[in-house]
Amino acid sequence: MSTVHEPDARRPTAAHIDLKAFDRNVDAVLARLPAGSKMVAVLKADAYGHGAVELARRCGSRAAAIAVALLEEAVELRDAGIDLPILVLTPLQGEQFDILFSRNVTPGVAGPEMLEELIARAMAAGWKGEIHLKLDSGMGRMGFVESDLEALAASLQQARGIRVAGIYTHFANASDPADPHTEKQIEVFRRMVARLRELGSSAPLHHAANSAAIMRGLIEPGDWARAGIVLYGAEPMDEGGTRLEPVLRWTSQIMRLKTLAAGSPVGYGLSHRTSRESRIATLPVGYADGYSRSLSNRAEVLVRGKRAPVVGRVSMDLVTIDVTDIEGAAPGDEVVLIGRQGESEIPVEELAEKSGTIPWETLCAISARVPRIYHE
């Protein structure tokens, strides 16, 4: 990923990251936590496309830990000098354990197979460290189920030098307050934790809440809470109305402007024809940058504070927009794909809906060839 703190002259298309907005979102999450609880900053997928290293530095001591999905994400943070505890959430295998042992990274153990291999490799390497256990309370993907608990406790009793520092679960549908499944998961998680305690296996901390659960206040006092999408200012709830401050602003500019007669085709497949004499602007951004092809003839952008429709198909490197109704639009004008311009805004939620997906995917899809520019 191209990461710069000053505008990058190589491309007029960039993702601008507002570091102060991120700071305010962190503080807003912390203000929602009950007494004794701490925040885990979820910076997987390069902090949802925002830049994990930069945002890990911004978290500082306000985060109890950083959570990532992949071991290589943890290694990148360690190599950048991040010394916060790092939790890897997805399963590891083979030589990945040897890398983990050398990097002071905490694995989230997601099932019996992983635990068995971890114990064997830890004993061979003489590693003594902390792990977190993932329990499946109703998500159905990863984690120990209730029938695993007796064998799990027995294995842990044989695992000398390995300490269970945390026990956690993940909610399947916390974004929908009308669905009782989250409350059922909380009950199952409590029951499983209690059963492990009876079997002689406990942990000093627990964590279950994701971004939606944080906004709903579903956090046990003293528990950690894993803040992901909410830190970046996108809406974590199905119905909306709880998002914090957007951190990312994605911009490009008009690189070419031409006037086409009525009935002129625009773009591949002739999917758009002008209905009148039109001023068509070309932008140096496309689906290779993460601007989805499904936005063809559907999305809008901002030019001079006004909305302009995307016309024709989004191609790999170029997008065409109709600026006929935007007085004075000219080459070099800033074009906002996501974010505010003056009093107008294209929220990431809008772009996600028009491309048939969710804000998580829309942000993560902004490709590495789009420079990230960090602003104070």
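**Close-up 1. The buried residues of helix α4.** Leu71, Glu73, Ala74, Val75, Leu77 and Arg78 are the buried residues of α4, where buried means under 20% relative accessible area, exposed over 50% and partly exposed in between (1.4 Å probe, protein chains only). Their cover includes α2 (44-49), α3 (52-59), β4 (63-68), β5 and α5. Helices (H or I, at least four residues) and strands (E, at least two) are DSSP runs, numbered from the N terminus. This is a predicted model, so local features need pLDDT of at least 70 and side-chain atom pairs count only at pLDDT 80 or more, while totals for chains, interfaces and linings use all residues. Residues are numbered from 1 along each chain as its sequence is written, and side-chain values use heavy atoms, with hydrogens and water left out.

**Close-up 2. Helix α4 against helix α5.** The two axes come within 11 Å and cross at roughly 25°; axes here are lines fitted to C-alpha atoms, for helices over the stretch in contact, with angles running from 0 to 180 degrees between N-to-C directions. That puts α4 and α5 roughly parallel to each other (under 35 degrees; over 145 is roughly antiparallel, 65 to 115 roughly perpendicular, the rest oblique). The crossing of α4 and α5 is left-handed, meaning that the near helix is turned anticlockwise from the far one by less than a right angle; clockwise would be right-handed. On the α4 side look for Leu71, Val75, Arg78 and Asp79, which meet Gln96, Ile99, Leu100 and Arg103 of α5 (contact means heavy atoms within 4.5 Å). By type, this contact of α4 with α5 has four nonpolar residues, one polar and three charged. Ala, Val, Leu, Ile, Met, Phe, Trp, Tyr, Cys and Pro count as nonpolar, Asp, Glu, Lys and Arg as charged, and the others, Gly among them, as polar.

Close-up 3. Glycine 81 follows α4 and has a positive phi, near 90°. Aspartate 83 sits in the loop between α4 (71-79) and β5 (86-88), and at 70% relative accessibility it counts as exposed. From aspartate 83 to glutamate 343 it is 260 residues in sequence and 40 Å in space, C-alpha to C-alpha.

**Close-up 4. Helix α7 meets helix α8.** Here α7 (residues 149-158) packs on α8 (residues 181-198) at about 45°, with the axes 10 Å apart. That angle makes α7 oblique to α8, and their crossing is right-handed. Leu149, Glu150 and Leu152 of α7 make the contact with Met192, Arg195 and Leu196 of α8. Four of these residues are nonpolar, none polar and two charged.

**Close-up 5. Aromatic pairs.** Rings of Phe, Tyr and Trp (its six-membered ring) pair if their centres lie within 6.5 Å, and planes under 30 degrees apart count as stacked, over 60 as edge-to-face and the rest as tilted. By this rule there are five aromatic pairs. Phenylalanine 101 and tryptophan 127 are stacked, since their ring centres are 4.7 Å apart and their planes at 20°. Phenylalanine 101 belongs to helix α5 (residues 96-103) and tryptophan 127 to the loop between α6 (112-125) and β7 (129-134), so the pair ties together parts 26 residues apart in sequence. Phenylalanine 101 is buried at 14%, and tryptophan 127 is buried at 13%. Tryptophan 250 and tyrosine 291 pair edge-to-face, at 5.9 Å centre to centre and 65° between the planes. Both tryptophan 250 and tyrosine 291 are buried. Elsewhere, ring pairs link Phe22, Tyr48 and Tyr232 into a cluster.
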